[in-house]
Amino acid sequence: MTLDLDRAYEVMATARQMDERMWRLARAGRAHFAVPCAGHEAIGAGYGLALRAGHDFVAPHYRDLPAMLAIGLTPREIFLHFFAKRDDPCAHGRQPYAHWGSRAHGVVSQQGPQPNHVTHGVGVAWGSRLLGTDQVTWIGFGDGGAQKGEVHEAMNIAAIHKLPCVFCVENNFYTQSVPSRLESARPDLAARAAGYGIPGETVDAMDVRLMHDAAARAIARARAGQGPTLIDARCYRYLPNTSNDDDTRYRSREEVEEARRRDPLLLLRQELDAARADAIDEEAMTVAAEAAEWAEAQPGGDPEEVLDHTYAQRS
Amino acid sequence: MTTRTLSVLEAVREALAEEMERDPRVVLLGEDIGRLGGVFRASHGLLDRFGPERVIDTPMAETAIAGITMGLAMRGLRPVAEIQFADFMHSAMDHLAGEAAKLRYRTGGDWTAPLVVRTAYGGGFRGGPYHSQSVEAFYSHVPGLKVMAPSFPDDAKGMLTAAIRDPDPVLFLEHKRTYRAITGPVPAGEHVVADGRLRVARAGDALTIVGWGMMLHEALAAADELAAEGIEVEVLDLRWLLPIDRDGLLDSLRRTGRLLVVHEDTLTMGLGAELCALAAEAGVLSVPPVRVAMPDVGAIPVADAMEDALIPTRHKVVAAARNLMEKGDSSPLRGEVRPGGPGWGTSFDTTIPEASSVIEVTLPEVHLELVLAALQEACRAVPQCNATFTWDGIRLHDQVHVDLDLGPLSPARGGGTFTLVDYGPGGSLLGLPAVRPGQTAALRVGAVREGRAYLALAVDHRAVDGADAGRFLQALRQALPER
């Protein structure tokens, strides 16, 4: 499975433009909450373009805006979610931004406590197995989430039954402010795969080609009934954890600048025709601006609906 | 319709089997449910019948069981998970209360989790703190969940069938004492109880008693006893704990005007509080309501007499009901059903015939260990002083568990078999201790002055007579070292 580099760059550039716009809107008080994905783009684009959109399932990490674009959510839909509008397809104005979800796109609803969706993703994968389909479920979570006990429970069970799923740690070396060395005695998270008897792979996830290849291998393996793979996707988060975070309190500007030298967009750009890349950038900026402007003007969450959907039948 | 007599456990098993037969999307998962057939045998035979794809033995991982069950439901399966004991539900709570219950709401109806988690709850099995809990109050506070707790075999089948077909997540609570003890007629074949209404288990007009699970059967036994006294009580099997059948409750209370709730869960913030509040808000009560519940103890002890002292019984229900029937106005309740502080508020008569006697002994300033050792001797000599009142009589104990009251900053914690009060050098020279409810005696050590102190013994005369008290003090004196 070869990666269309132009398409990958389009996804990543659009995500970057949307991300920066969201950051400014949230800081300007025009939206509640921004969750940056800058620095994680190659992961979402890499696996999103390796999945069969509309067929496979995703239990995404909250920084997977690029994957949402890759599998078919539009920038307008994503901005509806960002602004908590009535027609927000992910949460209908009920969850903050980056709590992805869409039954139509196979996106398992994402929750606040991380990474509870890992077990949900395993259940979805198990369901596909029991229903006799060849659908794969991609399960993404952070290096912080990887330390939680239930992730072990989930990987163990998925390995026992060779379930059609992929576990991907989006490893940016921080759990908000807590650095890797205080998260795990052994930094090599892929090594844990050996304990479950499944393949583990460490990927330079700033390079979308490497990320896509690793994702495609793991997905093919899952689809063939050979069970899950654990991917330790090494990346870096360029912006604070969320719009409520101040990352100057826990990491130096020099460290962030150093990481920016390997910006996934810059790395991919080197492989593209410069004029083509410029045109994609231009288009991405236009698309992001238009989508944000359109979505901000849409009707907000409706208080008339506030009692709906607690149960199937309103009591 | 053909009916057979089944136990609650057999009814649960029949519902599982019939739903698996009817709907291939129904799968079971949990610890020991396959080869063993479940620790209570609820899924006995189902592995052989439906195969390991649909009857799944999981690792010991309650959190993942709950989370994976939710994922299966999201994917379109109809999973039924078993958590062996309700006590282990706490590890699963995040995925039930935090996730499944909120899924429909947080996605505006896009995603749903039609799952069932079954679990065995309740005490009376000498299971101790971690195999006896009742957890209904935790989950009945979670909108988005449904909580069912059948009391009879026909409901166990009909409601579990309804739970499996329900579009919303259901916690299905099975009282483990009902599993084999409660039998009754159960319809063969399709039987669905999905109305969300409580069940009038016995009709009457004097008083409404509400219960569920094993306590419902205690309430029914109490109703028999009360009927012999001419008090015809109505007994409501709540069975749907969330959402509550408010109309059904109020219909009954409009006729009786009197409410007694009995639950095995602890008193404070239990479901009784909600039922009383619903009744009070609706203005349907002619006298204040009463709750008979587990006292607010830290856990359920394993020792027979201790557990028996805690779990509500038909006798406590009868006593509370009689008391309630004596009320002709809305004056505050008195006596044994008065809601109390943490501990023994609802369990024991607080008016105890007490007596006391005092001796003077030589005692060093630092003496607690000496006194405790002497107490062991004295209790061995006069075991009536180291005893507990139970409904079956006065139970003598081999071992002394001392409730140590060291002053206002370090009061006794309760749960022991004998109370020792010692306020130390700052205390008074002579003070009389109070016998703690349930116990039969208490000793107070006065402040030591010039190497001497008064020991005051208080006893409950129903268990200990004056001669016994004298022998106890004599034994105590002999066991203390001479100066």
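Reader: Which residue is the bridge partner of Phe167(A) in S7(A)?

Author: Strands of a sheet pair through backbone hydrogen bonds, in either a parallel or an antiparallel manner. In this predicted model, Phe167(A) has Leu230(A) of S7(A) as its bridge partner. Strand S3 (residues 165-171) of chain A and strand S7 (residues 229-234) of chain A are paired in the parallel sense, over six bridges.

Reader: In what order do the strands of the open sheet of chain A stand?

Author: The order is S1-S2-S3-S7-S6 (chain A), five strands in an open sheet with parallel pairing. At the edges stand strand S1 (57-59) and strand S6 (200-204) of chain A; each has a single partner strand, so one side of each is left without a neighbour in the sheet. On average, and with direction ignored, neighbouring strands of this sheet are turned by 20° against each other.

Reader: How is the packing of two helices read, and at what angle do the axes of H1 and H2 of chain A cross?

Author: One considers the approach of the axes, their angle and the residues involved. The axes of helix H1 (residues 5-27) and helix H2 (residues 41-48) of chain A cross at roughly 140° and come within 9 Å. An angle over 145 degrees would count as roughly antiparallel, and H1(A) is therefore oblique to H2(A). The crossing of H1(A) and H2(A) is right-handed.

Reader: Which residues make the contact of H1(A) with H2(A)?

Author: H1(A) contributes Ala8(A), Val11(A), Met12(A), Ala15(A) and Arg16(A), while H2(A) contributes Glu41(A), Ala42(A), Gly44(A), Ala45(A) and Gly48(A). By class, the residues of this contact are six nonpolar, two polar and two charged.

Reader: How many residues does each chain bring to the contact between chain A and chain B?

Author: Chain A brings 34 residues and chain B brings 35 residues. On the side of chain A that touches chain B, helix H5 (117-131) and helix H6 (149-160) of chain A each supply at least two residues. H5(A) gives the most to that side, with eleven residues. The classes on that side of chain A are twelve nonpolar, 18 polar and four charged residues.

Reader: How many helices and strands does chain A have, and how is its overall form judged?

Author: Chain A has eleven helices and seven strands. The radius of gyration of chain A is 19 Å, close to the 20 Å that the globule rule gives for 315 residues, so chain A is as compact as a globular protein of that length. Along the principal axes, the C-alpha atoms of chain A fill a box of roughly 55 × 50 × 40 Å.

Key:
Residues numbered from 1 in each chain as written. Chains lettered and ligands numbered in written order. Predicted model: local features only at pLDDT ≥ 70, side-chain atom pairs only at ≥ 80, totals over all residues. Contact = placed C-beta atoms within 7 Å. Helix = DSSP H or I, 4+ residues; strand = E, 2+ residues; numbered from the N terminus. Nonpolar A, V, L, I, M, F, W, Y, C, P; charged D, E, K, R; others polar. Pairing = 2+ DSSP bridges. Axes fitted to C-alpha atoms, helices over the stretch in contact; angles between N-to-C directions. Parallel < 35°, antiparallel > 145°, perpendicular 65-115°, else oblique. Left-handed = near helix turned anticlockwise from the far one by under 90°. Rg over C-alpha atoms; globule rule 2.2 N^0.38 Å.
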